[in-house]
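Hi everyone, thanks for making time.

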Amino acid sequence: MDKKTYKPYLITFSSIFLFGLFWEFIAYVEVVDRVLFPPISAILERLVEMTGPGDGTGPSYLMLRHIGSTLFALLCGFFLAALVSSSIGLVMGINATVYQWLRPIITMFMVIPNIATVPVIILWFGLGMKTVLIIVVMGSSFPIIYTAAAGVQSIPIKMIWAAQTAGASRWQILWTVVIPGTMPYLLAGHKLALGRAWRAVIAAEIFASTAYGIGFMIFDARTFFDTEAMFAGIVVVGLIGLFLESVLFKYVEKITVVRWGTSTAKDI
Amino acid sequence: MEPAKPTKISAQNICKTYNPGTAGAVEAINGLSLDVADGEFVSLLGPSGCGKSTFLYMVGGFEKITSGSLTLDGEQITGPGPNRGIVFQEYVLFPWQTVARNIEYGLRINNTPKQQREAKVAELVKLIGLEGFEDVFPSKLSGGMQQRVSIARAMAYDPDVLLMDEPFGALDAQTRNRMLVDLIDIHQKTHKTTMFVTHSVEEAVMISDRVCMFSSRPSKIKEIVTIDMEHPRSVTDARFVEYQKRLLASLADEEHERVQQHQ
Ligand SMILES: Nc1ncnc2c1ncn2[C@@H]1O[C@H](COP(=O)(O)OP(=O)(O)OP(=O)(O)O)[C@@H](O)[C@H]1O
Ligand SMILES: [Mg+2]
């Protein structure tokens, strides 16, 4: 690894480390009650303990179970949304009539905060994984639909002409021009959607989970005034979110839009 | 005199209005007629915004004519197809594909075997002078380099008709002259019917069998000058200078007209 490749990681790590130090300091001087604002060291200690096999009184590897449950709901919901919504968005981008009819609906759902629909979904489907999944799908679908449609429309018409004049059929144009041409938008949409899905899964778990899930755990720990466990959950949410956002998507972008030189990210 | 070649492209009294019947209607072409013989090299010259690109797009089958008749091999042009290759004024390469992939696009579309594709790419990359850039993405190329890739892409699948919209516009004088010589060479070998839009009178006289001068918008063809000179032509030849003078004067008239219209 040369200097250029590890530097961003170094900055990411250092910035989080410094934030942790700051937190520790605030907790140490006890501006706020220690129970309400535990030091980061105690939070991490609790996190390690919960991640381990446990003392035999409760389920073993409890934190891993919570994480597993959350990631399962997140990824299943997200991939389902990605598949269905990309297709809907592409169709909207290709067909003007479909676009005109669907756009108002999509826009409306885009601006409804995800959490507002949770009570209704619980009423319809009860508590449990199914409800969590549905909320995740709903939360992540609309940004993907929206950006996919906008992406198709952003493709210059002459690019389609260039393909047509080479003899490309409609399907060939879809695969060789429309989809790759929409890629920068699709990536931005999926990035936005994964962030939304992550928020949705935690919110949904708080209200609709019955045994596992990080959101459930945070809310459940409140009953016992176990702030260290609550913060441990929050730390896990942050770390996984950071991983999804900066590692997973950075990689996908690196092998697509950055390589093509069509990335929208600029250092102004 | 050699026997007359059959007509390849025939435009009869064509008109083109963009966005007809709306407030944004633009009458680009009004009553344009032109017959291009098979194997002929025709240049289109005219003031900016007169409708040269528009005419090319109609021959390409991308834009529909508003009225008149436009045929290719005796059949009305209804849409684009691989019997025509086009070089756009703005290059329009596929940014997600490398130089080689862009060039062989048409060959992939028609399922040409890999070996033939590679041979064709190698040949064309050499022609456009971009050896060593095969695996580079267009965003890393200069405007002139992109333009050359776009020329290669249009020629790769061997269309009957080449439509070129200011293909040398972004090239430096040296590269342009080399490409011009190469294009004359290719034309003499392949005899592809070519429509070549340019702003350079010198280019037009150097390369074409006939030069069509467009009038200002809404345009028609104002005059057609047959360049009766053998290749290779020399810019210092007295006849060359004469053709050039005549076309420059005609172009200046039209530019004058256009400016007056705006006032
Ligand atoms: N899609 C469009 N919609 C409306 N008007 C258009 C459109 N395309 C071109 N025009 C208009 O038609 C006229 C002819 O445009 P065109 O691009 O064919 O000119 P041109 O001769 O190629 O000019 P240049 O030499 O500057 O490239 C211009 O007035 C232009 O504004
Ligand atoms: Mg033009």
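Okay, let's start with strand 8 of chain B, which is covered on both faces. On one side you have Thr193(B), Met195(B) and Val197(B), on the other Thr194(B) and Phe196(B), and all of them are buried. That's five of the five residues in the strand, so strand 8 of chain B is largely enclosed by the rest of the structure. Before I go further, please keep in mind that this is a predicted model.

Now, who sits beside that strand? In general, strands of a sheet pair through backbone hydrogen bonds, and they can do so either parallel or antiparallel. Here, strand 7 of chain B, residues 161–165, pairs with strand 8 of chain B in the parallel sense, over five bridges. If you want one to look at, Val161(B) has Thr193(B) as its bridge partner in strand 8 of chain B.

Strand 3 of chain B, residues 41–45, also runs parallel to strand 8 of chain B, which covers residues 193–197, and four bridges join them. Two pairs to click on: Val42(B) is partnered with Met195(B), and Ser43(B) with Phe196(B).

Next, another sheet in chain B. This one is open, with four strands in the order 2-1-4-5, and the pairing is antiparallel. Strand 2 (26–37) and strand 5 (75–76) of chain B stand at the edges with a single partner strand each, so one side of each is left without a neighbour in the sheet. Strand 1 of chain B, residues 7–18, pairs with strand 2 of chain B in the antiparallel sense over nine bridges. As an example, Lys16(B) has Ile29(B) in strand 2 of chain B as its bridge partner.

Is Lys8(B) buried or exposed? Its relative accessibility is 7%, so Lys8(B) counts as buried. Leaving aside neighbours within four places in sequence, Lys8(B) contacts several residues, including Val36(B), Asp38(B), Thr71(B), Asp73(B), Asp160(B), Val161(B) and Thr193(B).

Lying across strand 1, strand 2 and strand 4 of chain B is helix 1 of chain B, which runs at about 120° to strand 1 of chain B.

Which residues coordinate the magnesium ion, ligand 2? They are Ser53(B), through OG, and Gln89(B), through OE1, at 1.9 to 2.3 Å. Ser53(B) lies in helix 1 of chain B and Gln89(B) in the loop between strand 6 and helix 2 of chain B, so the pair ties together parts that are 36 residues apart in sequence. Ser53(B) is buried, with a relative accessible area of 16%, whereas Gln89(B) is partly exposed, at 31%.

Last stop, chain A, with two helix pairs. Helix 2 (residues 40–51) and helix 10 (residues 227–255) of chain A pack at about 85°, with their axes 8 Å apart. They're therefore roughly perpendicular to each other. Among the residues that meet there are Ile43(A), Leu47(A) and Met50(A) from helix 2 of chain A, and Phe231(A), Val235(A) and Val236(A) from helix 10 of chain A. By class, that contact has ten nonpolar, no polar and two charged residues.

The other pair is helix 3 (residues 62–94) and helix 4 (residues 96–111) of chain A, at an angle of about 125° and with axes 6 Å apart. These two are therefore oblique to each other. Ile88(A) and Val91(A) of helix 3 of chain A are among the residues in the contact, along with Tyr99(A), Leu102(A) and Arg103(A) of helix 4 of chain A. The class count for this one is nine nonpolar, no polar and one charged.

Definitions and conventions:
Residues are numbered from 1 along each chain as its sequence is written. Chains are lettered from A and ligands numbered from 1 in the order in which they are written. This is a predicted model: local features need pLDDT of at least 70, side-chain atom pairs count only at pLDDT 80 or more; totals for chains, interfaces and linings use all residues. Side-chain values use heavy atoms; hydrogens and water are left out. Axes are lines fitted to C-alpha atoms, for helices over the stretch in contact, and angles run from 0 to 180 degrees between N-to-C directions. Angles under 35 degrees count as roughly parallel, over 145 as roughly antiparallel, 65 to 115 as roughly perpendicular and the rest as oblique. Contact means heavy atoms within 4.5 Å. Ala, Val, Leu, Ile, Met, Phe, Trp, Tyr, Cys and Pro count as nonpolar, Asp, Glu, Lys and Arg as charged, and the others, Gly among them, as polar. Donors are N, O and S atoms within 2.8 Å of the metal (3.2 Å for Na, K and Ca); water is not among the atoms, so sites may look incomplete. Buried means under 20% relative accessible area, exposed over 50%, partly exposed in between (1.4 Å probe, protein chains only). Two strands pair if DSSP finds at least two bridges between them.
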